[in-house]
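I opened the model today and kept notes as I went. The entries follow in the order of looking.

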Amino acid sequence: MKNQKKYMLNLFRHIGLIAIIITLAISSVIVYAQHEHSKSKEGDKKEKKTESIVREGIIDLKKIDKNKDGKVFQDFMHWNVISDEAGKCPLCKMTLEEVTIKVAKENLKKNGFKVK
Ligand SMILES: [Zn+2]
């Protein structure tokens with residue numbers, strides 16, 4: 001009778017341990033899956049951004065300045081490459097320079113681009 005009690009106690013301990021291991025395994029898989037998911041989402045966003053910072057036609061600087069701080073990032077090799085965030089020119093890989101909207105506008109006008 002005493003031995004059986006001991007055996008049951010040991011069994012419960014083992015079950016508890018196994019349950020903890022399974023829970024940890026499942027939660028780590030979930031965390032990993034979520035991480036992978038958000039990573040791929042971010043990658044998509046970045047790709048779209050690099051494509052769209054090469055401006056064409058009439059350039060609307062106020063629309064580009066999404067955070068409304070009056071500043072944008074412009075490539076001094078390709079004036080029509082303008083982004084609201086720091087980054088690199090997708091055409092020549094130069095680091096974009098931070099300029100005010102006013103300066104960006106003047107640069108564009110000087111170089112024959114149409115500005116709204
Ligand atoms: Zn460039």
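Entry 1, V81. I listed the contacts of V81, skipping its neighbours within four places in sequence, and got I53, V54, Q74, D75, C89 and L91. I count two residues as in contact if their C-beta atoms, placed from the backbone, lie within 7 Å. The model is a predicted one: local features need pLDDT of at least 70, side-chain atom pairs count only at pLDDT 80 or more, and totals for chains, interfaces and linings use all residues. Residue numbers start from 1 along each chain as its sequence is written.

Which residues form the largest nonpolar core? I found nine: I53, L61, V72, F73, V81, I82, C89, L96 and A104. Such a core is a set of buried Ala, Val, Leu, Ile, Met, Phe, Trp, Tyr and Cys residues joined through C-beta atoms within 7 Å. I call a residue buried if 20 or more other C-beta atoms lie within 10 Å of its own, exposed if 12 or fewer, and partly exposed in between, again with C-beta atoms placed from the backbone. Of the 116 residues of the chain, 11% count as buried.

Entry 3, the overall layout. I noted three helices and three strands. Along the sequence they follow the pattern α-α-β-β-β-α. Both kinds of element are DSSP runs numbered from the N terminus: helices are H or I of at least four residues, strands are E of at least two. I also looked at contacts between residues at least 6 apart in sequence; 49% of them join residues at least 24 apart.

In what order do the three strands lie? I read 2-1-3, in an open sheet with antiparallel pairing. Strand 2 (82-83) and strand 3 (97-100) are at the edges with a single partner strand each, so one side of each has no neighbour in the sheet. Two strands pair if DSSP finds at least two bridges between them.

Strand 1 (residues 71-74) pairs with strand 3 over four bridges, in the antiparallel sense. Here I found K71 opposite T100, and V72 with V99 as its bridge partner. Strand 1 and strand 2 also run antiparallel, joined by two bridges. On that side, F73 stands opposite S83. V72 and F73 are both on my core list.

K105 is in helix 3.

I checked two lysines in loops. K68 has a positive phi of about 60°, though not a glycine. K68 sits in the loop between helix 2 (61-64) and strand 1, and counts as exposed with 9 C-beta neighbours inside 10 Å. K93, also not a glycine, has a positive phi of about 65°. K93 lies in the loop between strand 2 and strand 3. K93 is exposed, with 9 other C-beta atoms within 10 Å.
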